[in-house]
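Subject: Structure handover and notes

Hi there,

Please have it open while you read.

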Amino acid sequence: MEEQTSSAGTTAVATAEFEPLILAFCCYWCAYAGADLAGTSRMQYPTNARIIRVQCSGMVHPNLVIEALTKGADGVLMIGCHPGDCHYLEGNLRAKARAEAITLMLEDFALEPERFRLEWVSAAEGQRFAEVMTSMVEQIRKLGPSPFRNY
Amino acid sequence: MPVRLAEEWFAICGGCEVTILDIGEPLLDILEKVSIVHMPVLMDHKLFGQTGEGTEMEIPEADVGLIAGGIRSEEHRKLAQEMRKKCKTLIALGSCACYGGIPALANQYMTEEILQKVYRESVTTESNGLPNVDIPAMTDRVYALREVVPVDMSLPGCPTTPEMVVGALTALLEGKKFELPTKSVCDDCPLIREKKAVSTLKRRFEAPEFTPGRPLTEMRCLMEQGFLCQGPATRTGCGGSEGTPRCIRAYMPCEGCFGPLSDKANPMVDMMGALASIGLDPKQIPDRAATFNRFSGAGRLRPSPRR
(Lines give C-alpha, C1' and ligand atoms only; values in the text may rest on other atoms or scores of the structure.)
Protein backbone atom coordinates (compact mmCIF):
# COMPACT_ATOMS: atom_id res chain seq x y z
CA MET A 1 0.00 0.00 0.00
CA GLU A 2 1.34 3.34 -1.03
CA GLU A 3 1.55 6.08 1.54
CA GLN A 4 0.36 9.53 0.64
CA THR A 5 0.85 12.82 2.42
CA SER A 6 -2.12 15.15 2.37
CA SER A 7 -1.85 18.90 2.22
CA ALA A 8 -2.21 19.21 5.98
CA GLY A 9 0.90 17.12 6.45
CA THR A 10 -0.98 14.14 7.83
CA THR A 11 0.00 10.73 6.59
CA ALA A 12 -2.83 8.43 5.66
CA VAL A 13 -2.83 5.04 4.00
CA ALA A 14 -4.65 5.17 0.66
CA THR A 15 -8.03 3.57 -0.14
CA ALA A 16 -8.27 0.48 2.09
CA GLU A 17 -8.07 2.44 5.34
CA PHE A 18 -9.41 5.77 4.22
CA GLU A 19 -9.23 8.34 7.00
CA PRO A 20 -11.27 11.43 6.13
CA LEU A 21 -9.56 14.76 6.53
CA ILE A 22 -12.09 17.29 7.73
CA LEU A 23 -11.66 20.99 8.31
CA ALA A 24 -13.98 22.57 10.86
CA PHE A 25 -14.35 26.32 11.06
CA CYS A 26 -15.64 26.93 14.59
CA CYS A 27 -16.75 30.30 15.86
CA TYR A 28 -15.04 31.63 18.96
CA TRP A 29 -18.17 32.32 21.01
CA CYS A 30 -20.20 29.12 20.60
CA ALA A 31 -18.80 26.28 18.54
CA TYR A 32 -15.22 26.49 19.79
CA ALA A 33 -16.42 26.71 23.38
CA GLY A 34 -18.67 23.74 22.62
CA ALA A 35 -15.64 21.82 21.36
CA ASP A 36 -13.82 22.80 24.53
CA LEU A 37 -16.68 21.49 26.63
CA ALA A 38 -16.72 18.22 24.70
CA GLY A 39 -13.01 17.93 25.41
CA THR A 40 -13.09 18.79 29.10
CA SER A 41 -16.08 16.47 29.58
CA ARG A 42 -13.99 13.66 28.05
CA MET A 43 -16.55 12.92 25.37
CA GLN A 44 -15.43 10.49 22.72
CA TYR A 45 -15.55 11.50 19.07
CA PRO A 46 -13.43 10.83 15.96
CA THR A 47 -10.27 12.85 15.63
CA ASN A 48 -10.49 13.44 11.89
CA ALA A 49 -11.40 17.11 12.11
CA ARG A 50 -8.81 19.88 12.25
CA ILE A 51 -10.51 22.74 14.03
CA ILE A 52 -9.82 26.29 12.89
CA ARG A 53 -11.05 28.91 15.32
CA VAL A 54 -12.59 31.96 13.71
CA GLN A 55 -14.06 34.98 15.42
CA CYS A 56 -17.47 34.44 13.86
CA SER A 57 -18.92 31.95 11.38
CA GLY A 58 -19.88 35.04 9.35
CA MET A 59 -16.23 35.62 8.49
CA VAL A 60 -15.74 32.28 6.76
CA HIS A 61 -15.57 33.37 3.15
CA PRO A 62 -16.61 30.82 0.49
CA ASN A 63 -13.05 31.13 -0.84
CA LEU A 64 -11.71 29.38 2.25
CA VAL A 65 -14.16 26.50 2.02
CA ILE A 66 -13.71 25.97 -1.73
CA GLU A 67 -9.96 26.21 -1.41
CA ALA A 68 -9.91 23.62 1.37
CA LEU A 69 -12.07 21.23 -0.64
CA THR A 70 -10.13 21.66 -3.86
CA LYS A 71 -6.78 21.26 -2.14
CA GLY A 72 -7.34 17.92 -0.52
CA ALA A 73 -9.78 18.23 2.41
CA ASP A 74 -12.48 15.55 2.20
CA GLY A 75 -15.07 17.60 4.03
CA VAL A 76 -15.55 21.02 5.54
CA LEU A 77 -17.69 21.93 8.53
CA MET A 78 -18.75 25.46 9.31
CA ILE A 79 -20.04 25.70 12.88
CA GLY A 80 -21.56 28.77 14.44
CA CYS A 81 -23.96 29.94 17.14
CA HIS A 82 -27.64 29.11 16.90
CA PRO A 83 -29.62 31.68 14.89
CA GLY A 84 -30.45 34.58 17.16
CA ASP A 85 -27.53 33.84 19.49
CA CYS A 86 -24.76 35.36 17.39
CA HIS A 87 -22.35 37.44 19.45
CA TYR A 88 -22.22 39.87 16.53
CA LEU A 89 -26.02 39.80 16.13
CA GLU A 90 -26.29 38.48 12.60
CA GLY A 91 -22.94 36.96 11.65
CA ASN A 92 -24.39 33.48 11.56
CA LEU A 93 -27.16 34.59 9.23
CA ARG A 94 -24.49 35.80 6.84
CA ALA A 95 -22.81 32.41 7.27
CA LYS A 96 -26.10 30.76 6.32
CA ALA A 97 -26.41 32.85 3.17
CA ARG A 98 -22.84 32.03 2.25
CA ALA A 99 -23.36 28.34 2.97
CA GLU A 100 -26.14 28.29 0.38
CA ALA A 101 -23.79 29.86 -2.16
CA ILE A 102 -21.10 27.32 -1.28
CA THR A 103 -23.47 24.37 -1.68
CA LEU A 104 -24.43 25.68 -5.13
CA MET A 105 -20.80 25.95 -6.16
CA LEU A 106 -19.79 22.46 -5.01
CA GLU A 107 -21.67 21.21 -8.06
CA ASP A 108 -19.49 23.34 -10.32
CA PHE A 109 -16.43 21.69 -8.83
CA ALA A 110 -17.96 18.21 -9.25
CA LEU A 111 -18.07 17.67 -5.47
CA GLU A 112 -20.88 16.00 -3.56
CA PRO A 113 -22.94 18.58 -1.60
CA GLU A 114 -22.61 16.37 1.49
CA ARG A 115 -18.92 17.27 1.75
CA PHE A 116 -19.85 20.63 3.19
CA ARG A 117 -22.12 21.19 6.14
CA LEU A 118 -23.24 24.17 8.21
CA GLU A 119 -24.13 23.36 11.81
CA TRP A 120 -25.17 25.30 14.90
CA VAL A 121 -23.56 24.32 18.20
CA SER A 122 -23.83 26.46 21.34
CA ALA A 123 -21.18 26.74 24.05
CA ALA A 124 -23.23 24.45 26.29
CA GLU A 125 -23.65 21.71 23.70
CA GLY A 126 -20.51 19.62 24.04
CA GLN A 127 -22.58 16.52 23.44
CA ARG A 128 -23.97 17.96 20.21
CA PHE A 129 -20.47 18.90 19.03
CA ALA A 130 -19.36 15.30 19.48
CA GLU A 131 -22.45 14.08 17.61
CA VAL A 132 -21.87 16.47 14.71
CA MET A 133 -18.27 15.32 14.43
CA THR A 134 -19.23 11.65 14.54
CA SER A 135 -21.95 11.94 11.93
CA MET A 136 -19.83 14.09 9.61
CA VAL A 137 -16.92 11.64 9.72
CA GLU A 138 -19.29 8.74 9.05
CA GLN A 139 -20.81 10.57 6.10
CA ILE A 140 -17.44 11.41 4.56
CA ARG A 141 -16.22 7.87 5.15
CA LYS A 142 -19.16 6.66 3.08
CA LEU A 143 -18.46 9.17 0.29
CA GLY A 144 -14.81 8.20 0.09
CA PRO A 145 -11.82 10.45 -0.51
CA SER A 146 -12.21 13.78 -2.26
CA PRO A 147 -11.57 13.64 -6.02
CA PHE A 148 -9.14 16.51 -5.48
CA ARG A 149 -6.90 14.57 -3.09
CA ASN A 150 -4.29 13.65 -5.67
CA TYR A 151 -5.20 16.31 -8.15
CA MET B 1 17.15 54.54 -34.29
CA PRO B 2 13.42 54.13 -33.83
CA VAL B 3 12.04 51.31 -31.75
CA ARG B 4 10.71 48.54 -33.99
CA LEU B 5 7.15 47.48 -33.21
CA ALA B 6 5.37 44.35 -34.38
CA GLU B 7 1.70 43.62 -33.82
CA GLU B 8 -0.27 40.44 -34.41
CA TRP B 9 -3.92 39.60 -33.82
CA PHE B 10 -5.46 36.21 -33.10
CA ALA B 11 -8.94 35.33 -31.80
CA ILE B 12 -10.19 38.88 -31.36
CA CYS B 13 -12.73 41.41 -32.58
CA GLY B 14 -10.21 44.13 -33.42
CA GLY B 15 -11.31 46.47 -30.64
CA CYS B 16 -7.89 46.61 -29.06
CA GLU B 17 -6.39 47.84 -32.35
CA VAL B 18 -9.01 50.58 -32.34
CA THR B 19 -7.81 51.43 -28.82
CA ILE B 20 -4.36 52.12 -30.26
CA LEU B 21 -5.95 54.54 -32.72
CA ASP B 22 -8.02 55.98 -29.89
CA ILE B 23 -4.84 57.12 -28.12
CA GLY B 24 -5.30 60.41 -29.99
CA GLU B 25 -2.66 63.12 -29.79
CA PRO B 26 -0.12 61.22 -27.66
CA LEU B 27 -0.02 58.69 -30.51
CA LEU B 28 1.80 61.27 -32.65
CA ASP B 29 4.62 61.46 -30.10
CA ILE B 30 4.82 57.69 -29.90
CA LEU B 31 4.81 57.25 -33.69
CA GLU B 32 7.85 59.52 -33.92
CA LYS B 33 9.80 57.12 -31.76
CA VAL B 34 8.63 53.81 -33.21
CA SER B 35 8.63 52.20 -36.60
CA ILE B 36 6.00 49.57 -37.24
CA VAL B 37 7.49 46.54 -38.97
CA HIS B 38 4.54 44.17 -38.88
CA MET B 39 0.85 44.81 -38.25
CA PRO B 40 -1.77 42.87 -40.23
CA VAL B 41 -4.51 45.39 -39.53
CA LEU B 42 -2.49 48.25 -41.04
CA MET B 43 0.15 46.81 -43.32
CA ASP B 44 0.33 44.43 -46.20
CA HIS B 45 3.15 42.40 -44.77
CA LYS B 46 2.80 38.77 -45.82
CA LEU B 47 3.83 35.97 -43.52
CA PHE B 48 5.29 33.76 -46.26
CA GLY B 49 7.23 36.53 -48.03
CA GLN B 50 5.65 39.18 -50.26
CA THR B 51 5.24 36.83 -53.22
CA GLY B 52 4.53 33.73 -51.20
CA GLU B 53 8.02 32.34 -51.81
CA GLY B 54 8.69 31.46 -48.17
CA THR B 55 8.10 28.07 -46.60
CA GLU B 56 7.87 29.15 -42.97
CA MET B 57 5.79 31.93 -41.43
CA GLU B 58 8.12 34.80 -40.75
CA ILE B 59 7.85 37.98 -38.75
CA PRO B 60 10.63 40.60 -38.87
CA GLU B 61 12.82 41.24 -35.83
CA ALA B 62 11.27 43.78 -33.46
CA ASP B 63 11.96 45.38 -30.11
CA VAL B 64 8.38 45.44 -28.94
CA GLY B 65 5.70 42.92 -29.86
CA LEU B 66 2.02 43.50 -29.23
CA ILE B 67 -0.36 40.56 -29.41
CA ALA B 68 -4.11 40.91 -29.18
CA GLY B 69 -6.40 37.90 -28.94
CA GLY B 70 -6.26 34.42 -27.50
CA ILE B 71 -4.94 31.26 -29.15
CA ARG B 72 -7.74 29.41 -30.95
CA SER B 73 -5.93 27.68 -33.82
CA GLU B 74 -2.58 26.04 -34.51
CA GLU B 75 -1.74 28.99 -36.75
CA HIS B 76 -2.14 31.32 -33.77
CA ARG B 77 0.08 29.09 -31.69
CA LYS B 78 2.83 29.07 -34.34
CA LEU B 79 2.60 32.83 -34.83
CA ALA B 80 2.74 33.40 -31.08
CA GLN B 81 5.92 31.36 -30.90
CA GLU B 82 7.35 33.22 -33.90
CA MET B 83 6.50 36.56 -32.27
CA ARG B 84 8.16 35.47 -29.04
CA LYS B 85 11.29 34.51 -30.98
CA LYS B 86 11.50 37.82 -32.85
CA CYS B 87 10.39 40.33 -30.22
CA LYS B 88 12.52 41.40 -27.28
CA THR B 89 9.49 42.44 -25.22
CA LEU B 90 6.13 40.81 -25.71
CA ILE B 91 2.96 42.56 -24.57
CA ALA B 92 -0.44 40.87 -24.27
CA LEU B 93 -2.91 43.51 -25.39
CA GLY B 94 -6.47 43.27 -24.09
CA SER B 95 -8.34 40.67 -22.07
CA CYS B 96 -8.43 38.10 -24.89
CA ALA B 97 -4.64 37.88 -24.92
CA CYS B 98 -4.42 38.12 -21.12
CA TYR B 99 -7.25 35.79 -20.06
CA GLY B 100 -8.91 34.38 -23.19
CA GLY B 101 -11.68 36.97 -23.19
CA ILE B 102 -15.11 36.41 -24.73
CA PRO B 103 -13.92 33.67 -27.17
CA ALA B 104 -12.79 31.61 -24.15
CA LEU B 105 -16.43 31.19 -23.09
CA ALA B 106 -16.30 28.35 -25.62
CA ASN B 107 -14.02 26.51 -23.20
CA GLN B 108 -17.18 25.28 -21.48
CA TYR B 109 -17.76 22.91 -24.38
CA MET B 110 -15.76 20.26 -26.18
CA THR B 111 -14.44 21.35 -29.60
CA GLU B 112 -16.54 18.63 -31.23
CA GLU B 113 -19.73 20.00 -29.64
CA ILE B 114 -18.90 23.52 -30.84
CA LEU B 115 -18.31 22.44 -34.44
CA GLN B 116 -21.51 20.40 -34.47
CA LYS B 117 -23.52 23.28 -33.07
CA VAL B 118 -22.09 25.93 -35.36
CA TYR B 119 -21.99 24.02 -38.64
CA ARG B 120 -24.84 21.53 -38.26
CA GLU B 121 -27.31 21.82 -35.43
CA SER B 122 -28.02 25.53 -35.15
CA VAL B 123 -31.51 26.23 -36.56
CA THR B 124 -30.33 29.17 -38.62
CA THR B 125 -27.57 27.16 -40.24
CA GLU B 126 -27.84 25.38 -43.52
CA SER B 127 -26.39 22.07 -42.44
CA ASN B 128 -23.22 21.33 -44.29
CA GLY B 129 -19.91 19.58 -43.92
CA LEU B 130 -17.28 20.91 -41.57
CA PRO B 131 -14.80 23.26 -43.27
CA ASN B 132 -11.57 21.39 -43.81
CA VAL B 133 -9.75 22.85 -46.83
CA ASP B 134 -6.81 25.20 -46.28
CA ILE B 135 -7.62 26.12 -42.71
CA PRO B 136 -5.45 25.62 -39.65
CA ALA B 137 -6.61 23.09 -37.06
CA MET B 138 -8.55 24.36 -34.05
CA THR B 139 -6.81 24.04 -30.69
CA ASP B 140 -8.58 21.89 -28.09
CA ARG B 141 -9.52 25.03 -26.18
CA VAL B 142 -8.88 28.77 -26.15
CA TYR B 143 -5.57 29.61 -24.54
CA ALA B 144 -4.43 32.88 -23.08
CA LEU B 145 -1.17 34.04 -24.61
CA ARG B 146 0.89 33.33 -21.52
CA GLU B 147 -0.28 29.71 -21.49
CA VAL B 148 1.58 29.29 -24.78
CA VAL B 149 4.60 31.62 -24.59
CA PRO B 150 6.13 33.73 -21.80
CA VAL B 151 4.69 37.25 -21.75
CA ASP B 152 6.51 40.29 -20.38
CA MET B 153 3.60 42.64 -19.89
CA SER B 154 -0.18 42.26 -19.73
CA LEU B 155 -2.64 45.05 -20.50
CA PRO B 156 -6.14 43.75 -19.72
CA GLY B 157 -9.46 45.33 -20.61
CA CYS B 158 -12.14 44.81 -23.22
CA PRO B 159 -11.00 46.85 -24.96
CA THR B 160 -7.97 47.97 -23.00
CA THR B 161 -7.69 51.71 -22.33
CA PRO B 162 -5.67 54.12 -24.51
CA GLU B 163 -4.13 55.55 -21.36
CA MET B 164 -2.83 52.16 -20.32
CA VAL B 165 -1.33 51.46 -23.74
CA VAL B 166 0.42 54.84 -23.69
CA GLY B 167 1.57 54.23 -20.12
CA ALA B 168 3.02 50.85 -20.97
CA LEU B 169 4.68 51.96 -24.22
CA THR B 170 6.19 55.11 -22.69
CA ALA B 171 7.42 53.15 -19.70
CA LEU B 172 9.01 50.69 -22.10
CA LEU B 173 10.58 53.41 -24.29
CA GLU B 174 11.99 55.15 -21.24
CA GLY B 175 13.13 51.90 -19.65
CA LYS B 176 10.87 52.32 -16.64
CA LYS B 177 8.76 49.70 -14.89
CA PHE B 178 5.06 49.37 -15.60
CA GLU B 179 2.78 47.58 -13.17
CA LEU B 180 -0.92 46.89 -13.10
CA PRO B 181 -2.98 47.97 -10.10
CA THR B 182 -3.69 45.12 -7.67
CA LYS B 183 -6.84 46.51 -6.08
CA SER B 184 -10.42 45.76 -7.04
CA VAL B 185 -12.84 47.97 -8.96
CA CYS B 186 -14.75 48.52 -5.70
CA ASP B 187 -11.66 50.21 -4.23
CA ASP B 188 -11.88 52.88 -6.94
CA CYS B 189 -15.66 53.09 -7.01
CA PRO B 190 -17.15 56.27 -5.50
CA LEU B 191 -20.70 54.91 -4.97
CA ILE B 192 -22.20 54.60 -1.49
CA ARG B 193 -21.80 51.13 0.03
CA GLU B 194 -23.65 49.99 3.13
CA LYS B 195 -23.04 46.24 2.80
CA LYS B 196 -26.73 45.50 2.62
CA ALA B 197 -28.85 45.00 -0.49
CA VAL B 198 -31.95 47.19 -0.78
CA SER B 199 -33.50 45.06 -3.50
CA THR B 200 -33.58 41.54 -4.88
CA LEU B 201 -31.57 40.76 -8.01
CA LYS B 202 -32.77 42.73 -11.01
CA ARG B 203 -32.49 42.10 -14.71
CA ARG B 204 -29.70 44.12 -16.22
CA PHE B 205 -32.03 46.08 -18.49
CA GLU B 206 -33.84 47.69 -15.57
CA ALA B 207 -32.67 51.17 -14.70
CA PRO B 208 -30.67 51.86 -11.55
CA GLU B 209 -31.77 54.68 -9.26
CA PHE B 210 -29.80 57.89 -9.39
CA THR B 211 -30.38 61.59 -9.80
CA PRO B 212 -29.09 62.78 -13.17
CA GLY B 213 -26.64 65.63 -12.83
CA ARG B 214 -25.71 64.81 -9.24
CA PRO B 215 -22.21 63.43 -8.52
CA LEU B 216 -21.65 59.66 -8.33
CA THR B 217 -20.78 59.94 -4.65
CA GLU B 218 -24.50 60.36 -3.98
CA MET B 219 -25.50 57.17 -5.80
CA ARG B 220 -26.04 53.84 -4.04
CA CYS B 221 -23.83 50.86 -4.88
CA LEU B 222 -25.22 49.13 -7.98
CA MET B 223 -24.84 45.67 -6.48
CA GLU B 224 -26.83 46.78 -3.44
CA GLN B 225 -29.47 48.06 -5.85
CA GLY B 226 -29.73 44.53 -7.18
CA PHE B 227 -27.61 44.77 -10.32
CA LEU B 228 -24.97 42.14 -10.87
CA CYS B 229 -21.71 44.10 -10.67
CA GLN B 230 -18.39 42.28 -11.05
CA GLY B 231 -16.53 45.02 -9.20
CA PRO B 232 -15.58 42.99 -6.11
CA ALA B 233 -13.71 40.37 -8.15
CA THR B 234 -12.28 42.56 -10.91
CA ARG B 235 -8.95 44.34 -11.20
CA THR B 236 -9.22 48.09 -11.24
CA GLY B 237 -7.37 50.43 -13.59
CA CYS B 238 -9.96 51.04 -16.29
CA GLY B 239 -10.59 54.51 -14.88
CA GLY B 240 -7.01 55.56 -15.57
CA SER B 241 -5.95 58.89 -14.10
CA GLU B 242 -9.59 59.82 -13.52
CA GLY B 243 -9.95 56.95 -11.04
CA THR B 244 -13.67 56.23 -11.36
CA PRO B 245 -14.17 52.94 -13.26
CA ARG B 246 -15.40 53.30 -16.84
CA CYS B 247 -18.76 51.54 -16.53
CA ILE B 248 -19.59 53.21 -13.23
CA ARG B 249 -19.04 56.58 -14.92
CA ALA B 250 -21.85 55.59 -17.29
CA TYR B 251 -24.10 54.42 -14.39
CA MET B 252 -23.60 50.82 -15.44
CA PRO B 253 -22.41 47.90 -13.30
CA CYS B 254 -18.88 46.56 -13.86
CA GLU B 255 -18.68 43.83 -16.49
CA GLY B 256 -15.42 42.42 -15.19
CA CYS B 257 -13.41 43.08 -18.35
CA PHE B 258 -10.16 43.80 -16.51
CA GLY B 259 -10.12 40.21 -15.32
CA PRO B 260 -9.57 38.65 -11.91
CA LEU B 261 -7.53 40.26 -9.13
CA SER B 262 -4.74 37.71 -9.34
CA ASP B 263 -3.78 34.57 -11.24
CA LYS B 264 -4.88 32.41 -8.35
CA ALA B 265 -8.20 34.16 -7.77
CA ASN B 266 -11.45 32.43 -8.64
CA PRO B 267 -13.91 35.18 -9.59
CA MET B 268 -16.89 32.84 -9.36
CA VAL B 269 -16.24 31.98 -5.71
CA ASP B 270 -15.47 35.61 -4.90
CA MET B 271 -18.64 36.86 -6.54
CA MET B 272 -20.91 34.19 -5.06
CA GLY B 273 -19.50 35.11 -1.67
CA ALA B 274 -20.01 38.81 -2.31
CA LEU B 275 -23.61 38.28 -3.46
CA ALA B 276 -24.53 36.13 -0.47
CA SER B 277 -22.78 38.48 1.96
CA ILE B 278 -24.95 41.47 1.12
CA GLY B 279 -28.15 39.42 1.09
CA LEU B 280 -28.76 38.72 -2.60
CA ASP B 281 -29.84 35.25 -3.65
CA PRO B 282 -26.99 33.54 -5.54
CA LYS B 283 -29.39 30.85 -6.76
CA GLN B 284 -30.84 33.33 -9.23
CA ILE B 285 -27.64 33.51 -11.28
CA PRO B 286 -28.41 31.22 -14.20
CA ASP B 287 -24.92 30.42 -15.43
CA ARG B 288 -22.48 31.03 -12.60
CA ALA B 289 -19.27 29.87 -14.20
CA ALA B 290 -19.69 31.79 -17.46
CA THR B 291 -21.23 34.90 -15.88
CA PHE B 292 -18.40 35.37 -13.44
CA ASN B 293 -15.61 34.30 -15.80
CA ARG B 294 -16.91 36.22 -18.78
CA PHE B 295 -13.50 37.59 -19.70
CA SER B 296 -11.24 35.10 -17.96
CA GLY B 297 -12.22 31.73 -19.40
CA ALA B 298 -8.74 30.59 -20.44
CA GLY B 299 -7.64 28.12 -17.79
CA ARG B 300 -10.72 28.80 -15.66
CA LEU B 301 -13.67 27.52 -17.69
CA ARG B 302 -13.82 23.88 -18.70
CA PRO B 303 -16.54 21.50 -19.90
CA SER B 304 -18.85 20.81 -16.96
CA PRO B 305 -17.63 17.78 -15.01
CA ARG B 306 -19.46 14.52 -15.54
CA ARG B 307 -19.73 12.52 -12.37
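A residue is called buried here if 20 or more other C-beta atoms lie within 10 Å of its own, exposed if 12 or fewer do, and partly exposed in between, with the C-beta atoms placed from the backbone. By that count, 47% of the 151 residues in chain A are buried.

Some housekeeping before the details. This is a predicted model, in which local features need pLDDT of at least 70 and side-chain atom pairs count only at pLDDT 80 or more, while totals for chains, interfaces and linings use all residues. Residues are numbered from 1 along each chain as its sequence is written, and chains are lettered from A and ligands numbered from 1 in the order in which they are written.

Chain A

Chain A holds four helices and six strands; these are DSSP runs numbered from the N terminus, with helices being H or I of at least four residues and strands E of at least two. Read from the N terminus, the order is β-β-β-α-β-α-β-α-β-α. Two residues are in contact if their C-beta atoms, placed from the backbone, lie within 7 Å. Of the contacts in chain A between residues at least 6 apart in sequence, 76% join residues at least 24 apart.

Strand β6(A), residues 116–120, is mostly covered, with five of its five residues buried. Phe116(A), Leu118(A) and Trp120(A) point one way from the strand, and Arg117(A) and Glu119(A) point the other way. Strand β5(A), residues 75–80, runs parallel to β6(A) and is joined to it by five bridges; strands pair if DSSP finds at least two bridges between them. In this pairing, Leu77(A) stands opposite Arg117(A). Together β5(A), α3(A) and β6(A) form a right-handed β-α-β unit, right-handed meaning that, with the strands pointing away from the viewer, the path from the first strand over the helix to the second runs clockwise.

The loop between β5 and α3 of chain A contains Leu89(A). Its phi is positive, near 70 degrees, in a residue other than glycine. Leu89(A) is exposed because it has 11 other C-beta atoms within 10 Å.

Now to a helix pair. Helix α1(A), residues 31–40, packs on helix α4(A), residues 126–143, at an angle of about 95 degrees with the axes 7 Å apart. Axes are lines fitted to C-alpha atoms, for helices over the stretch in contact, and angles run from 0 to 180 degrees between N-to-C directions. So α1(A) is roughly perpendicular to α4(A), on a scale where under 35 degrees is roughly parallel, over 145 roughly antiparallel, 65 to 115 roughly perpendicular and the rest oblique. Gly34(A), Ala35(A), Leu37(A) and Ala38(A) of α1(A) make the contact with Gly126(A), Arg128(A), Phe129(A) and Ala130(A) of α4(A).

Where the chains meet

Chain A brings 13 residues to the contact and chain B 16. On the chain A side, α2 and α3 are the elements that give two or more residues, and α3(A) gives the most, with eight. That side has seven nonpolar, two polar and four charged residues; Ala, Val, Leu, Ile, Met, Phe, Trp, Tyr, Cys and Pro count as nonpolar, Asp, Glu, Lys and Arg as charged, and the others, Gly among them, as polar.

Chain B

Helix α10(B), residues 267–277, has 11 of its 11 residues buried. Those residues pack against α2 (62–70) and α3 (91–108) of chain A, together with α11 (288–292) of chain B. After the helix comes Gly279(B), with a positive phi near 100 degrees.

Gln230(B) lies in the loop between α8 (185–188) and α9 (246–249) of chain B. Gln230(B) counts as buried because it has 28 C-beta neighbours inside 10 Å. Leaving out residues up to four places away in sequence, Gln230(B) touches Cys254(B), Glu255(B), Gly256(B) and Met271(B).

Cys158(B) and Pro159(B) are joined by a cis peptide bond, with omega about -10 degrees, and Pro159(B) sits in the loop between β7 (153–155) and α7 (162–173) of chain B. Asp134(B), in the loop between α5 (111–121) and β6 (138–143) of chain B, has a positive phi near 55 degrees. With 5 C-beta neighbours inside 10 Å, Asp134(B) is exposed.

Best wishes
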